Amino acid sequence: MSVMVDGELVQPGPPRQRAVLALLLVNARQVVPVSTLIESIWEGHPPERVTATLQSYVSRLRVLLTRSGSAPALHWRAPGYLLAVRPDQADVGRFELAVAHGRESLRCGRAAAAQRSLSLALRLWSGQPYAELAGYGFAKQEATRLDQIRLAAVEGRADACFQLRQDDEVLEVLGREVEQNPLRESLVLRLMRAQYRVGRQADALQVYEQVRTRLADELGADPGRDLQHLHRAILRQDPSLDPATRPGRAVSRREFTPAPGGPLISATGPPAPQHPLRLPFVGRSHLIEQLAGRPIGASGQRGRVVLVTGTAGTGKSRLLLELADRLTADGTDVLWAFCPPEDAPPLWPWRQVLRRLLGGWSPAGLPAPAERIVRAVAGGDEHAPASAPAFDVADAVCQAVLAAAVERRRAVLVEDVQWADARSLAVLRLLTQQAHQAPLLLVATARGYETTDPTAHPDMPRTLSALDGSPAATVIRLSELHLQNTAALVRAVIGEPASAGIAADLHERTGGNPLLLTQLLASLESARGAGAALERIPDAVRSTVRQWLARLPRCVRDELEMCAVLDRDADRALPPDVPLIGRDGRDPTRVAIGAGLLAPSGRRLAHPLVGEVIMSDLPRVRLSWVHAAAAKALVARGADAQTTDAEPILRHAGAVAGLAGAVRAVRPLLYAAHLAERARDTPQALAWVRHAVSLIGRSHDRRADAEIEVVLQLHRARLGAAVHGFRSQDVDAAHARAEELCRRVRLPLRATVLRARCLTRLVTGQYEEVNVLAAELDEVGVQGDREAAVTACLSRGAARHEQGRLDEALAEFDRGAALASAAGSRPGDPAAVAVGCYITLTHWFQGAREAASARSRALLSATAVVGVRPVARVFALYVDSVLAALDGNVEQASRSGQAGTVLASRSGLSYWRDMTAVPYGWALVHRGQADAGLGLIRTALASAARSEVWLRRALHLRLLADAEHRAGHNLDACRTLRTMVVHARCRREELYLRPGTQFTLPPL
């Protein structure tokens, strides 16, 4: 990729900066969101300051592009960037314009012009597009699209050369392209025809045999119907293949239809796959009778205006073709015009009408100003005369059309008026109002009655309203074909009745869309072939769907990709009552429904075949991203509905694992676990984590799989402790598996596993094992892992604290605080808060209550700032509420205890929810809410016991006994105190038994 500024070649910068420019160019004149840029350029692995890096790339590109005053402009348009580049400012744009002009010239019978335009387009091709960016998914996708356009240009140029009898000019090019694309039958067909026409019959037959063998070996298929017909025509030296027999006049579409059993060869063009226009016209015949059944100009008949609307592929153009044939046969002069989607000059459709009209009619009878305007518009000067107002121009065009209709029966057919410019629409509105003045038939087609087409002109609503409200106008809304029409079409193609199942399957696959259906059936010969149509996507269908999608904004294509991936799960993930607003203010769902690609009743695709094309065209990276987004949408939707079906989520996550590896695949499942935990459904959260573990091993990166599995096993241990208890077999198995992976793959996560195991032993009261694991953490800390060293100090100090060795515990905590500070830990970090909380508790039990209160206030202040993790804040609130309860400060215990309980519940911290509920319940009892407070404490203690959490259980039992005594339940208080003493003695928690620790007990 290169950039020319004022004739000078400049470099567009480093590879990623080039990629940014390429992505903006691929989406020229469209806003590319920052999120899309980041995902496409860094493909899921952005650096820490990715936004700043992207901004620097954009800034450099702006400097590069602004060297010339006429250069493309790079703008910020929320939520991303827009490259305002004209098609003629990029070689890709010039290439596509030349191809489009060439193909249009060929369609209109101008072979010489088509040959020049397509030759120019192919000369612009100078190698594989974006070859240096082949590692990026978007670049490969765009290169594939452009290559398909190039092949179409090669075939179109060959068609033009055949009509000009320049067969030898295409032999070399076609031979080279067939060698590179040996299974593209349309290329092979043109090469064989060219070889035969220059006298190389043996070469043509040899090419056919090579293709036939290759198709059989690689695909187990026979050559297509058209290729077989050409082969038989060459064998019998059919005269229709001889260039000398080519007639000099244009041949109508109906003359392209071969006789039954004859070769599908055109005298004026190369053999091609059967075009849908050759297939029977079903389901619309009554409309032809409605439009042309009464001859134009019949007695008493006035002018009529007909608006034919329908989504893409519903048969608007085919209806006009059949109508034109019928009108032409009746002696009516048909004036045909079309509106291209872009790059057309003003008044383009009426320029086409006037040019054809002036070929056999003179506007001399018009007033002189109107005649000048008509001749100027027909000649391409839409601004002449310069002094003529816009209304006068529209009126002059209307006068010419109506006057010509008076002299002879005429019909004006205008296709795709949704793409017409403002001045053309003004003519259409005025002509609708004046159509009663002459026996004129005006038929216009529009894509979608609702103006949801993003490329439609803003004046379309007013124009459609004028057409719909005119007494001379009739609106025909085309819908999809019915099942019986589909069956009739299948029967006409294969020559025998199709089974009801095949017709129904084809109807469902295409949604009854006539264009997709006819393209799908275009080359079928038998019922077996009809069944095969259910398994493949013809090139014509791919091209059609790609054209439909290319005209839609990125946000709409995103939603269609999501619906294609979701398929039958779309209604569950994307409810129709929740609109998704696009970046330009449009609702992408409404736009897609208006384009006929989404069913009106929900988020399902109107044509499953469109989803197949979308899925087959998505690069692996993009497909994995959409599958992941689909899984996340299903998770979120299930959480909102409070019912989640795991099967579709696991299916999409499995697809992500196969495409992009386990690291990306487990994200939606971890998100599901997070939501389940927040909803206090810990068993479901554990089930999601186990599902995530099951996805490990589907990628080829063993180290990455091992790393993510260690993280998942730690999640499994944490959730398993809440469901089955900290000492359950599930927790031990998860820790053992995580440690095994760390040893086997030599991961730097062993310290994390040791920390988890050490804290598990601490909360379950296994203080001797805590000392053993703390020693292992010390060894890791010596190697530079200060977090491991802090955990060792914290765990060892907490164990000695519970054992009543307060001076030793305080020394460990002070050492841990020093290590945390040296590691750059801030006051609100979880490790620093945990150490500070234990120091606070130790001071209180040593009798330094003022110092303990001061530290508690400092901890609350440090954890009240934005950005502090919930676990740190809850720990500080818990310590403050416990000390307040021990000091008899009911209000403080209530405030901190309630705040901690609420925050722990909202954050899914079940361990801390049980912890903070005890002092909060104690405060409720002392405030007169005895039943609520005692119930809260007992529920928390029961939950902790189920999880085998024994840390500080003696302290909590002491608070329960005091609350029971306060409530007048003295016998319950005595039983609770006995339980506390037994627990403390069994765990050797001397802290709660010695009078010298300021924790005296009432007499038993």
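These questions and answers walk through parts of a predicted model.

User: What pLDDT does the chain average, over the model as a whole?
Analyst: This is a predicted model. Of the residues, 86% score at least 70. Residues 576–583 fall below 50, as the pLDDT there shows. Residues 1000–1004 are also below 50. The chain average is a pLDDT of 80.

User: How many residues does helix H44 have?
Analyst: H44 covers residues 970–986. From first C-alpha to last, H44 reaches 24 Å, close to the 24 Å expected at 1.5 Å a residue. The count is 17 residues.

User: Why do the buried residues of H44 lie on the same side?
Analyst: The buried residues include Ala973, Leu977, Met980 and Ala984. An α-helix has 3.6 residues a turn, so residues three or four places apart point the same way. On the other side of H44, Leu971, Arg978, Val982, Arg985 and Cys986 are exposed.

User: Which helix do the buried residues of H44 pack against?
Analyst: Among these buried residues are Thr976, Val981 and His983. Their packing partner spans residues 953–966. That partner is helix H43.

User: Which strands stand at the edges of the open sheet?
Analyst: The sheet has 5 strands, in the order S7-S8-S9-S6-S10, with parallel pairing. Each edge strand has a single partner, so one side is left without a neighbour in the sheet. The edge strands are S7 (333–338) and S10 (473–477).

User: Which residue in S10 stands opposite Val305?
Analyst: Strand S6 (residues 304–310) runs parallel to S10, joined by 5 bridges. Opposite Val305 stands Ala473.

Technical notes:
Residues are numbered from 1 along each chain as its sequence is written. This is a predicted model: local features need pLDDT of at least 70, side-chain atom pairs count only at pLDDT 80 or more; totals for chains, interfaces and linings use all residues. Side-chain values use heavy atoms; hydrogens and water are left out. Helices (H or I, at least four residues) and strands (E, at least two) are DSSP runs, numbered from the N terminus. The expected span of a helix is 1.5 Å times one less than its number of residues. Buried means under 20% relative accessible area, exposed over 50%, partly exposed in between (1.4 Å probe, protein chains only). Contact means heavy atoms within 4.5 Å. pLDDT is the predictor's confidence in each residue, from 0 to 100. Two strands pair if DSSP finds at least two bridges between them.
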